[in-house]
Each structure stands twice: as C-alpha cells, then as structure tokens.
Amino acid sequence: LLRCLRSYDPAVVHQAARCLASLALDDKNREAMRDTPCIDTLLEVILHPQSDALRQDPSTLCQLAGAMASLGNNAENRRYMIDRGAIAAAMQLKNDSQVAVVQLQVARALAALADAESLTAADRNDLLVPLTQLSRSADYGVQRYAALGLANLALHDERQVDVIKEYMRL
C-alpha cells in the first residue's frame with residue numbers, strides 16, 4: 001500500500017489513499033498506522049508528489065485529504081500528524097484544487113487537526129486562517145466542517161478571541 005502511495009500514476013495513488021482512508025476508519029488500524037510509516041508516507045506524498053499530474057487530479061487530492069481526515073480521528077495521530085507537517089499538507093491540498101469535494105475533505109482534515117489538545121499558538125494560527133477561509137465557501141458541507149474546526153479551536157477561552165478576530169478580519 002505504501003509503495004502504491006508513492007507511485008507516479010495518480011490512479012494508483014488514488015486507490016492507495018482510498019484504501020488507507022478505509023483502513024483508518026477502525027480505531028485499532030489508526031493506532032497501528034502511527035507505528036508504521038503510513039502517516040509519514042501520506043504527508044510526504046502530499047507535500048512532495050512524484051509527479052505534477054497528482055496535483056492536477058481532483059479525485060486523487062480528495063482521497064489524500066480524506067485519508068488525512070480519517071487518520072486524524074485519533075488524538076495521538078493528530079499530534080503525530082501536526083508534528084510532521086499535516087497542517088502544511090492540508091494547506092497544499094487546499095491550494096491545489098478549488099473543487100468542492102477536495103475542499104470538503106480538506107476542511108474535514110483541518111477540523112480533525114484542530115481538535116488536538118496540545119495545539120501550540122503557532123498551530124492555532126496555522127489552522128485559523130484556512131478554516132476561516134473555508135467557512136466562507138459556497139458549499140454547505142465545506143462550511144460545516146470549517147465551522148467544526150473553528151469550534152474546536154475555540155474550545156479554550158484564550159482561543160475564542162483569536163477565532164473571532166480572524167473571522168472578522170477576513
């Protein structure tokens with residue numbers, strides 16, 4: 001599966017990311033994936049794809065973002081992913097495609113990452129702008145996940161003011 005994720009062929013990467021996302025629906029699998037190079041490989045593929053064709057294929061980008069979101073549904077995975085560049089990876093996917101289904105999965109991934117208990121001030125700032133931008137999408141699903149991410153960020157009193165200020169600024 002990891003070898004397929006590293007493929008030059010977007011169709012192969014698409015299927016590998018889809019399988020990874022499906023496997024990550026199970027709690028035990030999500031935990032096990034942290035102990036293997038699954039998460040690292042996924043983030044590497046997003047940040048440094050083997051071909052430009054990958055960045056031009058919305059269905060593959062959607063599957064990659066969906067895999068990130070599914071893997072992020074575990075507290076330990078969230079911190080692990082953030083430490084390895086998951087926020088930058090989500091931003092890369094957000095910027096690579098304006099297609100609503102890709103943006104929806106990106107918003108879902110960012111919402112999961114925003115639920116991390118141990119977010120640093122830099123992490124919060126890195127999440128705040130894209131979530132605020134996505135909350136203004138014309139797509140209701142994107143808005144909903146972005147709002148969830150903003151709500152996750154605002155769970156702590158000191159974050160609420162930052163979330164409101166950023167939303168008002170944009």
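**Helix packing and one buried serine**

H8 and H9 are roughly antiparallel to each other, because angles over 145 degrees get that name, while under 35 is roughly parallel, 65 to 115 roughly perpendicular and the rest oblique. Before I go on, some ground rules. This is a predicted model, where local features need pLDDT of at least 70 and side-chain atom pairs count only at pLDDT 80 or more, though totals for chains, interfaces and linings use all residues. Residues are numbered from 1 along each chain as its sequence is written, and side-chain values use heavy atoms, leaving out hydrogens and water.

Back to that first pair. Helices (H or I, at least four residues) and strands (E, at least two) are DSSP runs, numbered from the N terminus. H9 covers residues 100-113. The axes of H8 and H9 are 9 Å apart, at an angle of about 165°. Axes here are lines fitted to C-alpha atoms, for helices over the stretch in contact, with angles from 0 to 180 degrees between N-to-C directions.

Who touches whom? On the H8 side, Ala86, Ile87, Ala90, Leu93 and Lys94. They meet Val102, Gln103, Val106, Leu110 and Leu113 in H9. Contact means heavy atoms within 4.5 Å. By class, that contact has eight nonpolar residues, one polar and one charged. Ala, Val, Leu, Ile, Met, Phe, Trp, Tyr, Cys and Pro count as nonpolar, Asp, Glu, Lys and Arg as charged, and the others, Gly among them, as polar.

H8, residues 86-96, also packs with H4, residues 38-47. Their axes come within 9 Å and cross at roughly 40°. So H4 and H8 are oblique to each other. From H4, Leu43, Ile46 and Leu47 take part. Their partners in H8 are Ala86, Ala88, Ala89, Gln92 and Leu93. Seven of the residues in this contact are nonpolar, one is polar and none is charged.

Next pair: H10, residues 121-135, and H11, residues 140-153. Here the axes come within 8 Å and cross at roughly 150°. That makes H10 roughly antiparallel to H11. Their contact holds eight nonpolar, four polar and one charged residues.

Last stop: serine 70, in helix H6, residues 58-71. Is serine 70 buried or exposed? Buried, with a relative accessible area of 3%. Buried means under 20%, exposed over 50%, partly exposed in between, using a 1.4 Å probe and protein chains only. Leaving aside residues up to four places away in sequence, serine 70 touches Ala21, Ala24, Leu25, Arg30 and Arg108. Take alanine 21: it sits 49 residues from serine 70 in sequence, yet 5.7 Å away in space, C-alpha to C-alpha.
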